[in-house]
Amino acid sequence: MADDELHLIGPDEIAYRLELTPAQLKITWTALKSFLDDFGHDERDVHALVREVLAKLPDEHAIRSIDIGRSR
């Protein structure tokens, strides 16, 4: 396999689009936040990527207002 075949998506290209229900969004946000809080302090590159993903999601106030029980 050629090396260029391994890199089909550029570093700044959209790799995937995901549609989430409000409950799924809350779970995803919470999981990313927990991962960020529990991950090692020496992993700055991972922290930066997780923060980039979280920045694409609604803010904390909006996420916390989602009632998982009501959205099912």
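Start by selecting Tyr-16, which counts as exposed because its relative accessibility is 66% (buried is under 20% relative accessible area, exposed over 50%, partly exposed in between; 1.4 Å probe, protein chains only). This is a predicted model, in which local features need pLDDT of at least 70 and side-chain atom pairs count only at pLDDT 80 or more, while totals for chains, interfaces and linings use all residues. Residues are numbered from 1 along each chain as its sequence is written, and side-chain values use heavy atoms, with hydrogens and water left out.

Tyr-16 sits in the loop between α1 (3-6) and α2 (helices are DSSP runs of H or I, at least four residues, numbered from the N terminus).

Next, show the largest pocket, with a volume of about 540 Å³ (a pocket is an open set of points on a 1 Å grid where a 1.4 Å probe fits, with protein on both sides within 12 Å along at least five of seven lines; lining residues have an atom within 4 Å of a point; the volume is the space filled by probe spheres set on the points). It has 16 lining residues, and the closest to its centre are Ile-14, Tyr-16, Glu-52, Val-53 and Lys-56. Select α2 (22-38) and α3 (44-56), the elements that give two or more residues to this lining; α3 supplies the largest share, four residues.

Now go to helix α4 (residues 60-64) and select Arg-64 and Glu-60, which are four residues apart and so separated by about one helical turn. They form a salt bridge, with the closest N and O atoms 2.8 Å apart (a side-chain nitrogen of Lys or Arg within 4 Å of a carboxyl oxygen of Asp or Glu). Arg-64 counts as exposed at 53% relative accessibility, whereas Glu-60 is partly exposed at 38%.
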